Amino acid sequence: MIVWAYELAESLLSDDLPRRWAHSKGVAGRARALAPILGTDAELLEAAAVLHDIGYSSRISDTGFHPLDGARFLRRVERADERIVRLVAHHSCALLEAEERGLRQQLETEFPLEQPHLVDALIYCDMTTTPDGVLTTTPARVAEIVSRYGPDSIVGRFIRRAEPEIHAAAERVEHRLSAA
C-alpha cells in the first residue's frame, strides 16, 4: 500500500508541482513518526499522508477543491481503500474550506469522516510540515498559509476558522505521543 501511494503521488506531483511533492513527502515522514501511537493504522496514515495533496494535480483537478478532487480520483480511478479516500477527502479541516467554496454538502455526502484519532493525526502531520517538507509548528504553518494566500482569500478565511481545531488536534496527538 505504501509503495503504491508514494509512486502515485510522485507521478502526479513531482514534475509539475515539485514543492507540493516535497511537502507531501514531509507529511508522510511525520506520519511514519506517529507509528508508535497508530498501531495497525500506521501504514494507512502514511499512505493517506503522501496522497493528501494529489488533488492539486492538473491531471485530476475537477472542482478546484483539492481534497474533493483527490478523494474522487482515488475512489473512482484507483479504487483505493475507502479509509485512505476518506482521510484525503477530509484532511486538515476540509469541511470548513468546502463550506467556503459551497461544496460542503458534496463532501459530507460522498465521504463520511474517518476515525477521529486518524483525522487528528493527519491534521498534525500536514499542519506541522512546511510547503518545503520541513518540520514547523501549527501557529507558524497557519501564519504561512494566510501569508501565502492572503487573509481575505477563501483559503485565508478557512484556515483562520480552522485554526482552533488545528491546534487542538496537534495537542491531542502530542499528548498521545508523550503518553506512549
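Q: How many disulfides does the structure hold?
A: It holds 0 disulfides, a disulfide being a pair of cysteine sulfur atoms within 2.5 Å. Quick caveat: this is a predicted model, where local features need pLDDT of at least 70 and side-chain atom pairs count only at pLDDT 80 or more, while totals for chains, interfaces and linings use all residues. Residues are numbered from 1 along each chain as its sequence is written, and side-chain values use heavy atoms, with hydrogens and water left out.

Q: What makes Cys93 count as buried?
A: Buried means under 20% relative accessible area, with exposed over 50% and partly exposed in between (1.4 Å probe, protein chains only). Cys93 comes in at 11%, so it counts as buried. Cys125 has a relative accessible area of 0%, so it is buried too.

Q: Is Ala121 buried or exposed, and how do you know?
A: Its relative accessible area is 1%, so Ala121 is buried. Ala121 is found in helix 9, where a helix is a DSSP run of H or I with at least four residues, numbered from the N terminus.

Q: What does Ala121 touch beyond residues up to four places away in sequence?
A: Contact means heavy atoms within 4.5 Å, and Ala121 touches Leu34, Leu38, Leu45 and Val173. Leu45 is 76 residues apart from Ala121 along the chain, yet their C-alpha atoms are separated by 7.8 Å.

Q: What makes helix 4 mostly covered?
A: Of its 10 residues (42–51), 9 are buried, Leu45 among them. What covers these buried residues includes helix 1 (2–13), helix 3 (35–38), helix 6 (82–89) and helix 9.

Q: How many cavities of 30 Å³ or more are there?
A: The count comes to 1. On a 1 Å grid over the protein atoms alone, a cavity is a set of points where a 1.4 Å probe fits but cannot get out, and lining residues have an atom within 4 Å of a point. The largest cavity has a volume of about 210 Å³, volume being the space filled by probe spheres set on the points.

Q: Which residues are closest to the centre of the largest cavity?
A: Of the 20 lining residues, those are Tyr56, His66, Asp126, Met127 and Ile145. Helix 10 gives the most to the lining, with 4 residues.

Note on methods
On a 1 Å grid over the protein atoms alone, a cavity is a set of points where a 1.4 Å probe fits but cannot get out, and a pocket is an open set with protein on both sides within 12 Å along at least five of seven lines; lining residues have an atom within 4 Å of a point. Helices (H or I, at least four residues) and strands (E, at least two) are DSSP runs, numbered from the N terminus.
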